[in-house]
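The entries below follow the order in which I looked things up.

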Amino acid sequence: MASAAIFSSLRRRRSPSLEAFLAPVDLTGVALVQTLASISTEVVSCFTSVRFSFQRKNARSLIRKIEIFVVLFEFLVDSNWGSSRSRRRSSVSESTALLCLKELYLLLYRSKILVDYCAQSSKLWLLLQNPSISGYFHDLNQEISTLLDVLPVNDLGLSDDIREQIELLQRQSRKSRLYIDKNDESLRESFYSFLDGFENGEIPNSVDLRLFFVEKLGIKDSKSCRTEIEFLEEQIVNHDGDLEPTGSVINGFVAITRYCRFLLFGFDEDGLEWRIENPKKPRKGFVAQEIGDTFITVPKDFVCPISLDLMTDPVIISTGQTYDRSSIARWIEEGHCTCPKTGQMLMDSRIVPNRALKNLIVQWCTASGISYESEFTDSSNESFASALPTKAAVEANKATVSILIKYLADGSEAAQTVAAREIRLLAKTGKENRAYIAEAGAIPHLCRLLKSENAIAQENSVTAMLNLSIYEKNKSRIMEEGDCLESIVSVLVSGLTVEAQENAAATLFSLSAVHDYKKRIAIVDQCVEALALLLQNGTPRGKKDAVTALYNLSTHPDNCSRMIEGGGVSSLVGALKNEGVAEEAAGALALLVRQSLGAEAIGKEESAVAGLMGMMRCGTPRGKENAVAALLELCRSGGAAVAEKVLRAPAIAGLLQTLLFTGTKRARRKAASLARVFQRRENAAMRSGVYGFVGNSNGNRDGSFTTDVSVPISISISVPVL
């Protein structure tokens, strides 16, 4: 049936009504024909006056057929067909008629969906799908013909004029053939010729582009062009491998349309749409796809370690770590061969769907009232790979970037705002995009916009800088660009929007991946202070950005004093209580505590030991590992008083015992070392005549010694040498 093709390929933005799939089993007789009359009348009234951009002849022909059905159904309603008084002698004929009318019910609903789709969809998408959609209309015509052949017209008691109309419709339906509009096909071939031109490195003539987009398609302004782009991008996301053209080809058409948008319509009209009234108020929507909803606390196991967003399609890589499919696919596509979280080499690039986790995420979303839509199929990463840029897309995007940078340099404030936004979006995916955007000279202009008083211009520029910095070679370009680093820190300190501040922190994290830059970043005035403040008071997303940046800075030994002076240590200790960032905070503390200066500073923090103990008790495997490593170094480098504080902590023995059996390899090694320190202290206490055991149930809750004699509990430290 045509319905299968329609619903699998038309890619509607909202789900069709359930009535499109199920025949009305509870409707018979008068109620059924009344329903049919209502549906057919609605189709005719809604679409008779619609001006279709494409499929005009097919749509009009189908609507005219439905108009005849309206006449038929209204007659049946008026004649009370199906009631007890109007029943005919032949129960077989009535049963056949009833079955045909129920099939007509489904056919009318599918007709309504198809005609509505042609009226509401993107012009470019309808153009690309022209042969397929023409086929759907032909399928419906064939079904109408089949139904009319079976329908017992002679037993319905129709008047002569209505009978003649039905018989005429029957003959016309039998003669109907597949119709594909030649003019529409000519336009589709023109669109493909533009794609071929970019594929061969030849930019199409602007006059030809204007004739195609403005004169023939009626796309007359920037807003309409942007709507077309968004619709095509939606098809790439929904693409599941059974659709023509392929995702990569659609990607090329998106790039061409984006180029024409700025070539033909400029910027100023769009710029006004991106102003905001209250720049300090967090906003949803503008960067929602990039940073997620910061007002809902998402369970940490449901968050992708790369994008830090709720995973829509969790997959497992060869190291056993789970990531969102889109994020890890981009990571691999950019040439990385290590696990983003553990740093281990990837044995291969295969990714396996984590269906158990996906089911849990779906259940949580349902319970939390959050819409869950998977962006990629479970089959493989082919759906994403198919949408990777082709040569045509790359060349079209390069042409677009040249226009964007021109307006970044010399355009109005509104034009610069939109140009920065488009560069940000282009830099969001693909190392090719990030490479040639920087090579074309975008970074100096974006750097200048970081100081803009326009909140959205600043937000766009810092987010674009973040996206560009993901590409390794661009990190040096950003760091070497005048006062670019200082400007990024300035946005972190006093950015005009919350998103700008958070993305500035994320940019610093990205840049600090290069060891030589870590010290340069940390010594910038107010950098550590601002990150510490964001970690304390930011949104869940902001805290995540801040803690990852502080972690990276902590890996440089020369930054220890700066972390202490800037309040980084205090904020990291406080973050141990926050489940969303505790693991990274413990990791940073484990790095800082290796130095005596850091160990001393952390030891002075009242809640440091308790926080690390809490991580050992309830943290993630990696968090427990970081916590026990930090406690061990505190005992070694923090001085006698700090070591005593650690070793007298309540339940330390039990936690070490548990970790020795259940921890990671590194955690077991650290726990064994700390257990040895603990036993040496216990033995020393026994020799001096004090037998209290920390962790004994008879001990005081504060961990102080008791004068009661108790039997020492041995801690096994027989772990394998690793």
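I took a polar contact to be a pair of N or O atoms within 3.5 Å; within protein, one must be able to donate a hydrogen and the other to accept it, and residues adjacent in sequence count only if both atoms are side-chain atoms. The model is predicted: local features need pLDDT of at least 70, side-chain atom pairs count only at pLDDT 80 or more, and totals for chains, interfaces and linings use all residues. Residues are numbered from 1 along each chain as its sequence is written, and side-chain values use heavy atoms, without hydrogens and water.

**Helix H9.** I took helices (H or I, at least four residues) and strands (E, at least two) as DSSP runs, numbered from the N terminus. At the N-terminal end of H9 I found Asn205 as the cap, with a side-chain oxygen 2.6 Å from the backbone nitrogen of Val207. Just after H9, Gly218 has a positive phi of about 75°.

**Faces of H9.** I called a residue buried under 20% relative accessible area, exposed over 50% and partly exposed in between (1.4 Å probe, protein chains only). In H9 (residues 206–216), Leu209, Phe212, Phe213 and Val214 are the buried residues. They lie on the same side of H9 because their arc around the axis is only 160°, taken from the directions from the helix axis to the C-beta atoms. The face turned away from that side carries the exposed Val207, Glu215 and Lys216. By contact (heavy atoms within 4.5 Å), the buried residues pack against H5 (123–128), H8 (182–199) and H11 (247–265).

Cys447 is in no disulfide, and the nearest cysteine sulfur, that of Cys484, is 3.7 Å away.

Terms used. A disulfide is a pair of cysteine sulfur atoms within 2.5 Å.
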